[in-house]
Amino acid sequence: MKLSPFWWDIDTPLIAENNSDGLLSDAEFVIVGGGFTGLSAALTIARQGRSVVVLDSGTPGFGASTRNGGICSGNIRPSHSALRKTYGRAFADEVYAEGIEARVDLAKFCSEEKIDCDLQMTGRFTGAMCQSDYDAQAREVESLNNIDGHAAHMVPKSAQHSEIATDLFFGGMVREEIGGYHPGKFFAGLLRTAQSAGVVIHSDTTVKDITDLTPSQKSVITDRGTITAGKVIIATNAYTGTKERFGQFLRRRLVPAQSCIIVTEVLGHEKVQALMPKHRMYGNTANLFSYFRPTPDRDRILLGSRSMDKVTPSEQSVQYLKNRLTQIFPDLSDCGIDYCWLGNVAFTTSRLPVIFEHDKIFYAAGYAGSGTVWARWMGRKVAETALGIGNRPSIFSSPPPARLPFYDGRPWFMPTINRYFAFKDWWKSR
Ligand SMILES: Cc1cc2nc3c(=O)[nH]c(=O)nc-3n(C[C@H](O)[C@H](O)[C@H](O)COP(=O)(O)OP(=O)(O)OC[C@H]3O[C@@H](n4cnc5c(N)ncnc54)[C@H](O)[C@@H]3O)c2cc1C
């Protein structure tokens with residue numbers, strides 16, 4: 001079993017060539033973090049004819065951006081009804097409408113830039129773990145279908161096998177407008193597009209601190225030297241360190257969590273088709289939910305869920321995910337697992353993404369495990385904010401979120417939260 005992402009095994013170059021040997025001494029814009037957010041922001045800036053440098057402490061894209069499940073949902077964690085209760089109908093509608101706009105924009109971007117990344121809008125089926133979840137989904141469908149671009153419907157348990165060969169769920173919700181892609185191929189395409197537009201990328205360059213040089217310039221201090229920047233964008237999301245001083249402001253407002261993914265051995269087209277007849281993306285309504293899908297070649301199944309491991313997946317994680325897979329598809333109890341890997345996702349307390357400015361530094365983060373659509377979109381939006389262009393700011397542009405109380409960026413409470421969620425899931429399933 002390989003402990004690296006399935007998505008890294010592709011022919012297209014995934015690794016950025018550092019397109020400048022030494023570190024540049026200055027740039028109009030410096031971006032910290034070379035994932036979807038950072039590269040999308042950099043591309044937006046370069047296309048305005050401005051100089052921009054991306055710094056990444058490792059290999060760009062090897063944070064979450066090429067470790068994800070490739071499900072392109074533009075998902076919002078709080079349901080439409082929960083948002084409506086807390087913030088009012090207008091806000092809830094705008095948030096969900098921006099999700100559609102961001103996803104449509106992703107498809108347009110892939111087509112315009114000729115990024116062949118197996119993007120297929122095959123829809124998503126979310127299985128209800130109990131009858132009350134099914135009823136809540138049915139109410140959500142009504143709300144969503146009032147917002148342009150949504151195409152949701154319910155599938156009762158009696159018709160479930162037309163969606164997925166399982167008896168585990170109490171029926172579920174389909175959202176036809178959602179799909180999936182190959183994140184490795186998408187990242188490779190984004191990288192190529194950004195570099196062709198003039199973005200300079202420095203890998204293996206860790207930003208240690210950001211200080212004021214003059215009222216309109218920042219010094220970005222790295223382990224390879226210092227760059228003078230007109231403006232700085234932080235795009236480190238769930239990989240924001242606790243050690244570097246510049247990261248502390250964000251980290252105290254963001255809770256990282258680990259997600260782990262397994263990919264089965266080759267099952268073959270026929271088997272995958274029998275289990276997932278419409279080749280949709282899939283999820284369930286559990287608090288500790290699983291997300292799963294066929295791989296783009298439709299030969300294997302990928303499944304991911306929350307994990308307590310930090311760096312490498314443990315045997316327990318592999319077994320835990322395999323158990324989840326066989327709960328859904330008992331037929332797969334004997335199948336081998338060829339890949340398993342981990343990555344970090346990040347949440348704000350509202351579980352909504354954020355764009356904000358603090359101390360003349362711009363931030364975009366907190367995609368709550370749904371960054372394949374959001375990170376690229378928010379990268380573009382934060383760049384437009386920093387450039388002072390764009391027709392309309394994102395609905396997520398706001399003052400900095402409040403700092404979490406008793407929190408220094410190390411999520412000591414996560415094991416308790418996970419146990420609580422596991423208990424709630426068990427209680428519901430009785
Ligand atoms: C296992 C897993 C499954 C997921 N599945 C899905 C899915 O199916 N659908 C979906 O929509 N989303 C999914 N996501 C979420 C999605 O991948 C992320 O939201 C998205 O990739 C975030 O992109 P980013 O550019 O903001 O961050 P990242 O890609 O994480 O990039 C941050 C970068 O910052 C760099 N960095 C950090 N500190 C410094 C520093 N001091 N100096 C320089 N560089 C630094 C890191 O090296 C890293 O490359 C998943 C995530 C994971 C981990």
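Visitor: Let's start with Tyr 339: buried or exposed?
Guide: Tyr 339 has a relative accessible area of 8%, so it is buried (under 20%; exposed is over 50%, partly exposed in between, with a 1.4 Å probe and protein chains only). This is a predicted model, where local features need pLDDT of at least 70 and side-chain atom pairs 80 or more, while totals for chains, interfaces and linings use all residues. Numbering runs from 1 along each chain as its sequence is written, and side-chain values use heavy atoms, without hydrogens or water.

Visitor: OK. How many aromatic pairs turn up in the whole structure?
Guide: The search finds 23. Rings of Phe, Tyr and Trp (its six-membered ring) pair with centres within 6.5 Å; planes under 30 degrees apart are stacked, over 60 edge-to-face, the rest tilted.

Visitor: What's the geometry between Phe 6 and Tyr 339?
Guide: Their ring centres sit 5.2 Å apart with the planes at 85°, so call it edge-to-face. Phe 6 is buried too, because its relative accessibility is 10%.

Visitor: How about Trp 8 and Phe 62, what kind of pair is that?
Guide: Trp 8 and Phe 62 are stacked, 4.0 Å centre to centre with 15° between the planes. Trp 8 comes from the segment before E1 and Phe 62 from the loop between E2 and E3, 54 residues apart.

Visitor: Trp 8 and Phe 62, how accessible are they?
Guide: Trp 8 is partly exposed at 23% relative accessible area, and Phe 62 is also partly exposed, at 21%.

Visitor: Switching to Gly 61. Where is that one?
Guide: Gly 61 is in the loop between strand E2 (52-55) and strand E3 (71-72). With 3% relative accessibility, Gly 61 counts as buried.

Visitor: What does Gly 61 touch?
Guide: Leaving aside residues up to four places away in sequence, Gly 61 touches Gly 34, Gly 35, Thr 66 and Phe 187 (contact is heavy atoms within 4.5 Å).

Visitor: How far is Gly 61 from Gln 217?
Guide: They're 28 Å apart, C-alpha to C-alpha, and 156 residues apart in sequence.

Visitor: Which residues join Phe 187 in a ring cluster?
Guide: Ring pairs link Phe 187 with Phe 36, Phe 109, Tyr 181 and Phe 186. Beyond four places in sequence, Phe 186 touches residues including Phe 36, Leu 106, Phe 109, Cys 110 and Arg 376.

Note on methods
Helices (H or I, at least four residues) and strands (E, at least two) are DSSP runs, numbered from the N terminus.
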